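Dear colleague,

I am passing on the structure below, and after it you will find my notes on what turned up when I went through it. Please read them with the structure open beside you.

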Amino acid sequence: GGGRGGAAVVQLCGHAAHAGCLRRYRASVLARRAQAAGGHTFEQAHSISLDSGEFVCPVCRRASNLALPLHYHSPPPHQT
């Protein structure tokens, strides 16, 4: 689903965000969408599909539909 001609479409801008921050951002977007249903304006109403997992990057405002997890590992201690 969501692909064009059977192919998957992946959109991401490359900005990094903490997973918890992205979850809180998505919750605030969903709350604004709920308010929009009550007659308020919602700036993303026609640009993205929240139900399909799309979101607007909070940094650059580009549409994205994928968040890649990054795991940082500290380098091994220097051996002398």
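Which residues make the nonpolar surface patch of about 360 Å²? The patch is made by Val10, Leu12, Leu66 and Leu68, where a patch gathers residues with over 30% relative accessible area and no salt bridge, joining like charges within 9 Å and nonpolar side chains (Val, Leu, Ile, Met, Phe, Trp, Tyr) within 5 Å. A salt bridge here is a side-chain nitrogen of Lys or Arg within 4 Å of a carboxyl oxygen of Asp or Glu, and accessible areas come from the Shrake-Rupley method with a 1.4 Å probe, with only the protein chains shown counting as cover for residues.

Before going further, please note that this is a predicted model, in which local features need pLDDT of at least 70 and side-chain atom pairs count only at pLDDT 80 or more, while totals for chains, interfaces and linings use all residues. Residues are numbered from 1 along each chain as its sequence is written, and side-chain values use heavy atoms, with hydrogens and water left out.

As for the overall layout, the protein chain has one helix and two strands, arranged along the sequence in the pattern α-β-β; helices (H or I, at least four residues) and strands (E, at least two) are DSSP runs, numbered from the N terminus. Of its 80 residues, 14% count as buried, where buried means under 20% relative accessible area, exposed means over 50%, and partly exposed lies in between (1.4 Å probe, protein chains only). The accessible surface of the protein chain comes to about 6500 Å², and 56% of that belongs to carbon and sulfur atoms. Among contacts with a separation of 6 or more, 43% are between residues 24 or more positions apart, a contact being heavy atoms within 4.5 Å.

Helix H1 covers residues 19–37, and because its 19 residues should span 27 Å at 1.5 Å a residue, the 27 Å between its end C-alpha atoms agrees with expectation; the expected span is 1.5 Å times one less than the number of residues. Gly20, Tyr25 and Val29 are buried in H1, and what covers the buried residues of H1 includes strand S1 (55–56). In the loop between H1 and S1 lies Leu50, which counts as buried because its relative accessibility is 4%. Leu50 and Arg26 are 24 residues apart in sequence, and their C-alpha atoms are 8.8 Å apart in space.

The loop between S1 and S2 holds Arg61, whose phi is near 70 degrees, a positive value in a residue other than glycine. Most residues other than glycine have a negative phi. Arg61 has a relative accessible area of 43% and is therefore partly exposed.

Ser64 is found in strand S2 and counts as buried because its relative accessibility is 2%. Leaving aside residues up to four places away in sequence, Ser64 touches Gln11, Leu12, Cys13, Gly53, Glu54 and Phe55. Leu68, by contrast, sits in the segment after strand S2 (63–64) and, at 56% relative accessibility, counts as exposed.

Finally, the cysteines: with a disulfide taken as a pair of cysteine sulfur atoms within 2.5 Å, the count comes to zero disulfides. Cys57 is in no disulfide, and the nearest cysteine sulfur, that of Cys13, is 3.5 Å away. Cys57 is buried, with a relative accessible area of 4%, whereas Cys21 counts as partly exposed at 35% relative accessibility.
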